[in-house]
2 protein chains.
Amino acid sequence: MSYEDAITALADPTRRVIIDRLRSGALPVGAIAKGMTISRPAVSQHLRVLSDAGLLTVTPVGNRRVYAIAPEGVAGLRAYLDTLWDDALAAFARAAQEKAKENNNA
Amino acid sequence: MSYEDAITALADPTRRVIIDRLRSGALPVGAIAKGMTISRPAVSQHLRVLSDAGLLTVTPVGNRRVYAIAPEGVAGLRAYLDTLWDDALAAFARAAQEKAKENNNA
DNA sequence: ACGAATCGTAAGCGACGGCTTACGGTAAGT
DNA sequence: ACTTACCGTAAGCCGTCGCTTACGATTCGT
């Protein structure tokens, strides 16, 4: 739900592979697990973490469960990184200014 | 160095606290650890991970080591999330269009 | 020159996370 | 109705990660 869960979920390489598989569109579990080295239950567990983090949506269609990337989940992470980016730039500029003032005094 | 290391580093809550402390400007290790519940060596280890991931810069000044947020490291993560965001939106729009076509056929 | 301060590193321990195998439950095919 | 396909969950094992304590190195203060 929160951006913290999202970043924790995306920290795992296997889960990023799953996300990459969903970039071009929604897929059922079997199609996601197809070709991966880990077992299908393992994929299911990762899908659980990702959807709990708000990064995926689940849509039961008949026998299968179709997973898709949830844009809102990604948006939360982007918002966090944006504030971090702004603060980092501001602090960086301030430090550069102080450095310049020091050089003038020398 | 890569965005993968960056996201792994930011996945830890304690490391995000450290990052937050550096938002307003650079700080030496002692000042960062001040007021935190964990020991100073633990903070040092986290700082190591963060700087290895390219999220922090180190500047030895006299006796102390001053850490600051590295904007370039944050930029790498933002770039990754931007591509993910674009793909997610595109896939979402495509799915919505297919859905609409289905409804027309019905 | 000597003691104090600041910080990184090594070793060891406990907790958490990811994987596998096994199982149960629901929907589709015949 | 019975079998097959698809998928989630439980239990258990093992590696990794974060923390602490202990130590060593470098720099500042006097």
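Predicted model: local features only at pLDDT ≥ 70, side-chain atom pairs only at ≥ 80, totals over all residues.
At least two residues of the surface near DNA strand D are supplied by each of α3 (29-33), α4 (40-52) and β3 (64-69) of chain A and by α4 (40-52) of chain B. The largest share is that of α4(A), with five residues. By residue class, the surface near DNA strand D consists of seven nonpolar, 10 polar and four charged residues.

DNA strand C is likewise surrounded by 21 residues, of which A:Ser39, A:Gly62, B:Pro28, B:Gly30 and B:Pro41 are the closest. Two or more residues of the surface near DNA strand C come from each of α4 of chain A and α3 (29-33), α4 and β3 of chain B. Here α4(B) makes the largest contribution, five residues. The surface near DNA strand C divides into seven nonpolar, 10 polar and four charged residues.

Several of the elements named above belong to the strand pairing of chain A. Strand β1 (residues 27-28) of chain A runs antiparallel to β3(A) and is joined to β3(A) by two bridges. A hairpin is formed by β2(A) and β3(A), with two residues between the strands. In the turn, A:Gly62 has a positive phi of about 60 degrees. The residue A:Gly62 is also one of the closest to DNA strand C.

The contact between the two protein chains involves 25 residues of chain B and 25 residues of chain A. On the side of chain B that touches chain A, the elements giving two or more residues are α1 (3-10), β3 (64-69) and α5 (71-105) of chain B. The largest share, 14 residues, is from α5(B). This side of chain B is made up of 18 nonpolar, three polar and four charged residues. Of the interface residues of chain B, 100% are also interface residues in chain A, so the copies meet through the same surface.

Chain B is superposed on chain A by a rotation of 180 degrees with 0.0 Å of shift along the axis, at an RMSD of 0.0 Å. This is the relation of a two-fold axis. The C-alpha of chain B nearest the axis belongs to B:Ala11, at 3.1 Å from the axis.

Burial was examined in helix α2 (residues 13-21) of chain B, where the buried residues are B:Arg15, B:Ile18 and B:Ile19. Viewed down the axis of α2(B), these buried residues fall within an arc of 100 degrees, so they line one face of the helix. The face of α2(B) turned away from the buried side carries exposed residues, B:Pro13 and B:Asp20.

Methods. Residues numbered from 1 in each chain as written. Chains lettered and ligands numbered in written order. Helix = DSSP H or I, 4+ residues; strand = E, 2+ residues; numbered from the N terminus. Nonpolar A, V, L, I, M, F, W, Y, C, P; charged D, E, K, R; others polar. Pairing = 2+ DSSP bridges. Contact = placed C-beta atoms within 7 Å. Near = placed C-beta within 6 Å. Least-squares fit on C-alpha atoms with pLDDT ≥ 70 in both. Buried ≥ 20, exposed ≤ 12 C-beta atoms within 10 Å, placed from the backbone. Arc of directions from axis to C-beta.
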